[in-house]
Amino acid sequence: MSGLVTVIVRSPDTRSERRYDLHTTVEQLKGKLELVTGIPVGNQRIAVHDAEDDARAVAVLDDDRKPLGFYGLRDWQILNVEDTNPSATFTGQLTDVSAVEKFEISDEQYAARQDSVLAYKQRNKVGRFAPKDEAKTVEVPNLEITVGSRCQVESTEEGFYKRGTVRFVGSTKFGSAGGVWVGVEYDEPIGKNDGSVQGERYFTCQPKYGVFVRPDKVEVGDFPVEEINFSEEEM
């Protein structure tokens, strides 16, 4: 028994592509998954599915001492991580907005306000309030960044890069400076959106996985999904 297996890890709040050694035990796997899903080791129930739309579990990783290879885990199967005590860890509540009280205002009330974005645009003749003869067409330059490419994005922390996949390249309706933006779907929920900004959708991904950055912050290349590895002393 040898080799690595690539799987999709899914939990109530996350979804990501991961690669694990088949010698990894279920106990070790749970330690890794706690950092990915936020679900404590003791609360994890891991079921294996052949596809995301297949509700039938083909196996349950219920023996902490067994290696992943014991369960015949294959590439691109789904590891569905369930929280057996969600009330203690608030699992799933991060994406549930049903209990959030919404602030609502009518169109007439909003138009009458002088401290709104709409009022600012009207005063400064910005956006749709700009004179038509001043409208400019943004040309998209020829960039060596293509949709579907793996990439890493420069961050404000020196030496730290965020990895993901290019999902959009082009001009947008946001950004006062105009120009070209690159939409990236991160491998981890460290982004700012779901591929849409100010009600305009440019691509689709899970909430907090999407981000838009300038092309000079993006490096395209063979950047595999990174995972946090543990030494034997840390297991």
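Colleague: What does the UniProt record say about residues 179–214?

Modeller: The unreviewed entry annotates that stretch as "domain: CAP-Gly". Keep in mind that we're looking at a predicted model.

Colleague: How many aromatic pairs turn up in the whole structure?

Modeller: Eight. Take F168 and F212: their ring centres are 6.1 Å apart and the planes meet at 70°.

Colleague: How do you know whether F168 and F212 are buried or exposed?

Modeller: Buried means under 20% relative accessible area. F168 comes in at 14%, so it counts as buried, and F212 at 10% counts as buried too.

Colleague: What about F174 and Y202, what kind of pair do they form?

Modeller: Edge-to-face again, at 5.8 Å centre to centre with 80° between the planes. F174 sits in the loop between β7 and β8, and Y202 in the loop between β10 and β11, so this pair links parts 28 residues apart in sequence. Both F174 and Y202 are buried.

Colleague: Which residues make up the aromatic cluster?

Modeller: F168, F174, W181, Y202, F203 and F212 form one cluster. R214 lies over the face of W181, 4.0 Å from the ring centre.

Colleague: Now helix α1: how do you know its length agrees with its number of residues?

Modeller: Its 12 residues (26–37), at 1.5 Å a residue, should span 16 Å; the end C-alpha atoms are 15 Å apart, so the two agree.

Colleague: Which residues of α1 are buried, and why do you put them on the same side?

Modeller: V26, L29, K30, K32, L33, V36 and T37 are the buried ones. They cover an arc of only 165° around the axis, so they share one side of α1. E27 and L35, on the other side, are exposed.

Colleague: What do the buried residues of α1 pack against?

Modeller: Strands β1, β2, β3 and β5. After α1 comes G38, with a positive phi near 80°.

Terms used: Residues are numbered from 1 along each chain as its sequence is written. This is a predicted model: local features need pLDDT of at least 70, side-chain atom pairs count only at pLDDT 80 or more; totals for chains, interfaces and linings use all residues. Side-chain values use heavy atoms; hydrogens and water are left out. UniProt positions are given in the numbering used here, feature names are shortened, and annotations may be inferred rather than shown by experiment. Rings of Phe, Tyr and Trp (its six-membered ring) pair if their centres lie within 6.5 Å; planes under 30 degrees apart count as stacked, over 60 as edge-to-face and the rest as tilted. Buried means under 20% relative accessible area, exposed over 50%, partly exposed in between (1.4 Å probe, protein chains only). Helices (H or I, at least four residues) and strands (E, at least two) are DSSP runs, numbered from the N terminus. A charge sits over a ring if NZ of Lys or CZ of Arg is within 6 Å of the ring centre and within 35 degrees of the ring normal. The expected span of a helix is 1.5 Å times one less than its number of residues. The arc is that of the directions from the helix axis to the C-beta atoms. Contact means heavy atoms within 4.5 Å.
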